[in-house]
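Reader: Hello! Please take me closely through one part of this model, the contact surfaces, and state the cut-offs as you go.

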Amino acid sequence: MAGEKVKLLGYWASPFTLRVHWALKLKGIEYDYQEEDLPNKSPLILQCNPVHKKIPVLVHDGKPIAESLVILEYIEETWKHNPILPEDPYERAKARFWVKFVDDKCVPGIFGTFSKVGEEQRKIAKEARENLKILEGELGKKRFFGDTKIGFMDVAAAWIICWAQIVGEIVDIKLVDAEEMPSLVSWFQNVLEAAPVLKECTPPKDKLLEHNKGFHKMLVASAST
Amino acid sequence: MAEIKLLGVSLSPFTHRVEWALKTKGVEYELIVEDTKNKSPLLLESNPIHKKIPVLIHNGKPICESMVIIEYIDETFEGPSILPKDPYERAIARFWAKFLDDKCLPTMGKALLGEGEEQEKAKEECVELLKILDNELKHKKFFGGDQIGFADIAANALAFWMGIIEEASGVIWVTSEKFPNYCAWRENYNNCSQVKEYLPSRDELFTHFQSRFHSAAAPK
């Protein structure tokens, strides 16, 4: 694998790009990073991901792979050292199940709380909290979902705690309750502390907060016109 | 002797995906038919999060979500591979499976079974999605290439169920004039030997959806 060029096309504030950074860093893979100027997408993005025209895209040896979770599985299967998925097929299935739960249920809930208003927002926020409580139940007393080390679920989903806290602060609705979710509330920090290489490539929370505050202002302004 | 149970409903495309995978691998299993309006304690215990079928129970351990189950089956049992061996080919298969399962299937469902403005909007979106699929199938028989693969199974409802629903509704708009490659794929899928003998009854499905449309249209 040495000498084969790896390039990541992404956006600094995108959690889906962060997933891929984390997987590459954990495996110690050297790569070039190209920041995409959204919404002015580069010809390379449009060529590499013609179906969705979205980041992240991983280009390995000239071949593009799109969709962050698909990219994670590709990285896992191509660079087999420092595995992030368990070896046992049943444990692998459990990891994939929970990552799908996050993407299908938690993420829309957190993003919906950010972008909706009124009754719709309250309803989505309530569901989001319920789904986070389910995750708390699964995490239990563990520091990571991977149990003793950072695993697939941690790489794919720990970011939601940081993002949920940011959303909560911007719209003034608590999503991550320290009392109801004592393990979950520390999950993101636990991952960063356990792997300094991940902390280095993760944007600071205050920078993400400022960025998303600006984004939220834009959403509110365009909704009222 | 490994104990394999599948909680499901044969007429459901999601259960069918798993049955196809098990049959392809030559794995013996017991189908436990669920009444989705009256869910069994076993189902509620095995899938407490979603309370949905299908659930595969292998040696007492439950696995949920049909495409997760298929990957589990592929990794656990000998027999023909469902996903390709090469990591890049696997990534392409997973990409299309995700697009078909997450985007195309729900949109097509709304376009055929929805109502009013939601249905009209879904139909418009569907046309764009079908153009993408038609383009992808320009130079290949199946999403998996020459053989049925992971992505084709993710699209099972598009191939078999949706055509029947269209017929039952009396409105056919997915035609080979508009989407020649997609319609050829559908034909090939439904008739290929790896799939044909495992498909549920066309008549049963047609009757089910026809009565659904009639009761929806009946004066209230």
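Author: Happy to. A polar contact is a pair of N or O atoms within 3.5 Å; within protein, one of them must be able to donate a hydrogen and the other to accept it, and residues adjacent in sequence count only if both atoms are side-chain atoms. This is a predicted model, in which local features need pLDDT of at least 70, side-chain atom pairs count only at pLDDT 80 or more, and totals for chains, interfaces and linings use all residues. Residues are numbered from 1 along each chain as its sequence is written, chains are lettered from A and ligands numbered from 1 in the order in which they are written, and side-chain values use heavy atoms, with hydrogens and water left out.

Between chain A and chain B, eight residue pairs are in polar contact, both residues at pLDDT 80 or more. On chain A, strand 4 (63-66), helix 3 (68-78) and helix 4 (89-115) each give two or more residues to the side that touches chain B; these elements are DSSP runs numbered from the N terminus, helices being H or I of at least four residues and strands E of at least two. Helix 4 of chain A gives the most to that side, with ten residues. By class, the side of chain A that touches chain B has 13 nonpolar, three polar and eight charged residues (nonpolar: Ala, Val, Leu, Ile, Met, Phe, Trp, Tyr, Cys and Pro; charged: Asp, Glu, Lys and Arg; polar: the others, Gly among them).

In total, 24 residues of chain A and 23 residues of chain B take part in the contact, counted as heavy atoms within 4.5 Å. About 2,300 Å² is buried between the two chains, with 71% of that from carbon and sulfur atoms; buried area is the accessible area (1.4 Å probe) that two parts lose on being put together, summed over both. On the chain A side, A:Val51, A:Tyr90 and A:Phe97 lose the most area to chain B, together 26% of what that side buries.

Charge pairing comes next. Chain A and chain B share six salt bridges, each a side-chain nitrogen of Lys or Arg within 4 Å of a carboxyl oxygen of Asp or Glu. B:Arg94 forms a salt bridge with A:Glu73 (3.5 Å, N to O). The side chain of B:Arg94 also meets that of B:Glu71 in a salt bridge (2.8 Å, N to O).

That pair leads us inside chain B, which is divided into domain 1 (4-76) and domain 2 (87-217), with bounds from an automatic or database domain assignment. The domain centres, taken over C-alpha atoms, are 22 Å apart. Domain 1 of chain B puts 13 residues into the contact and domain 2 of chain B puts in 19. Together they bury about 1,500 Å², 66% of it on carbon and sulfur atoms. In domain 1 of chain B, B:Leu11, B:His16 and B:Trp20 lose the most area to domain 2 of chain B, together 43% of what that side buries.

Two salt bridges are counted between these domains, along with ten residue pairs in polar contact, both at pLDDT 80 or more. Helix 1 (13-24) and helix 3 (66-76) of chain B each supply at least two residues of the domain 1 side. Helix 1 of chain B has the largest share of that side, seven residues. The domain 1 side holds six nonpolar, four polar and three charged residues.
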